[in-house]
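The tour below goes from one selection to the next and says what is found at each stop.

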Amino acid sequence: MSVQEWSADAATEIVRAHSGVRGALLPVLHALQERFGHLGPEATRLVAKELNLSRADVHGVVTFYSDFRTAPPGRTVIAVCRGEACQSCGSRELERHAQHSLGIGFGETTADGSVTLDQVFCLGNCALSPAVQIDGRLVGRVDADLFDRLVSDAAAR
Ligand code: FES
């Protein structure tokens, strides 16, 4: 399902679909982010109200887990794997290159909104380390040149 504009009605439906589930907060937040691309203040407010939690509690969870975004992502999202297998195959250099070439750190989006750089700690593609995921597509054996090509191909789409 593609990312949609925020809708309080749709969000309420998602939250209520999890009502009665123990520990509903994390699944609700994941479902809302999947639908709306990020968890803005309106999502925090709605979740707090629907799950009878304080806004501070919800905000604390959203900001604690690096999986959650509080702002819309860039048009391309690229995640560099920083897991052990990838590190043993040179991902540290790739991490440095990714941050340097994009001019942003992990969890940030370029000023023009074109790319968000994320980090993950195993993409399940260890045999083809170092691995990245770009717009949901897994790519293995990524070096600096391939990283740059992936980013420029994504920009051209
Ligand atoms: S550690 Fe990178 S894919 Fe598993």
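Start by selecting Cys-126, which is partly exposed, with a relative accessible area of 36%. Bear in mind throughout that this is a predicted model.

**Cysteines**

Now select Cys-89, which is also partly exposed, at 42% relative accessibility. Which cysteine sulfur is closest to the sulfur of Cys-89? It belongs to Cys-86, and the distance of 7.0 Å is too far for a bond, because a disulfide needs the two sulfur atoms within 2.5 Å. The structure as a whole holds 0 disulfides.

**The whole chain**

Zoom out and show the chain as a cartoon. The protein chain has 7 helices and 5 strands. Followed from the N terminus, the elements run α-α-α-α-β-α-α-β-β-β-β-α. The C-alpha atoms fill a box of roughly 50 × 30 × 25 Å along the principal axes. Of the 157 residues, 41% count as buried. Among the contacts with a separation of 6 or more, 59% are between residues 24 or more positions apart.

Colour residues 8-64 one way and residues 76-156 another. These ranges are domain 1 and domain 2. Their centres, taken over C-alpha atoms, are separated by 29 Å.

**The largest core**

Select Leu-29, Leu-32, Leu-39, Val-47 and Val-58 and show their side chains. These residues have the most contacts inside the largest nonpolar core, which has 19 residues. The elements that give two or more residues to this core are helix H1 (8-17), helix H2 (25-36), helix H3 (41-51) and helix H4 (55-64). Which of them gives the most? H2 does, with 5 residues.
In soluble globular proteins, nonpolar side chains tend to be buried together.

Stay on Leu-39. Leaving aside neighbours within four places in sequence, Leu-39 is in contact with Leu-29, Leu-32, Gln-33, Val-62, Phe-68, Arg-69 and Thr-70. Apart from this core lies another, of 18 residues; Ala-98, Phe-106, Phe-147 and Ala-154 are among them.

Select H4 and look along its axis. Val-58, Val-61 and Val-62 are buried. Why are they on the same side of H4? They cover an arc of only 100° around the axis. On the other side of H4, Ala-56 and Phe-64 are exposed. The buried residues of H4 pack against H2 and H3.

Next, pick Thr-44 in helix H3. Thr-44 counts as buried, at 9% relative accessibility. Not counting residues up to four places away in sequence, Thr-44 touches Arg-55, Val-58 and His-59.

Go to Thr-116, in strand E3 (residues 115-120). Is Thr-116 buried or exposed? It counts as buried, because its relative accessibility is 1%. The side chain of Thr-116 makes a polar contact of 2.6 Å with the side chain of Thr-109. Beyond neighbours within four places in sequence, the residues in contact with Thr-116 include Arg-69, Pro-73, Gly-74 and Glu-108.

Then select Ile-134, in strand E4 (residues 132-134). Ile-134 is buried, at 2% relative accessibility. With neighbours within four places in sequence set aside, Ile-134 is in contact with Thr-76, Val-77, Ile-78, Val-139, Leu-150, Val-151 and Ala-154. To try the distance tool, pick the C-alpha atoms of Ile-134 and Thr-70: they are separated by 20 Å, and the two residues are 64 residues apart along the chain.

**Backbone exceptions**

The last stops concern backbone angles. Most residues other than glycine have a negative phi, and most peptide bonds are trans.

Select Asn-52, in the loop between H3 and H4. Its phi is near 60°, a positive value in a residue other than glycine. Asn-52 is exposed, with a relative accessible area of 71%.

Move to Cys-122, in the loop between E3 and E4. Cys-122 is not a glycine, yet has a positive phi of about 135°. At 43% relative accessibility, Cys-122 counts as partly exposed.

Finish at Pro-130, which lies in the loop between E3 and E4. What kind of peptide bond joins Ser-129 and Pro-130? The bond is cis, with omega about -10°.

Methods
Residues are numbered from 1 along each chain as its sequence is written. This is a predicted model: local features need pLDDT of at least 70, side-chain atom pairs count only at pLDDT 80 or more; totals for chains, interfaces and linings use all residues. Side-chain values use heavy atoms; hydrogens and water are left out. A nonpolar core is a set of buried Ala, Val, Leu, Ile, Met, Phe, Trp, Tyr and Cys residues joined through side-chain atoms within 4.5 Å. Buried means under 20% relative accessible area, exposed over 50%, partly exposed in between (1.4 Å probe, protein chains only). Helices (H or I, at least four residues) and strands (E, at least two) are DSSP runs, numbered from the N terminus. Contact means heavy atoms within 4.5 Å. Domain bounds come from an automatic or database domain assignment. The arc is that of the directions from the helix axis to the C-beta atoms. A polar contact is a pair of N or O atoms within 3.5 Å; within protein, one must be able to donate a hydrogen and the other to accept it, and residues adjacent in sequence count only if both atoms are side-chain atoms.
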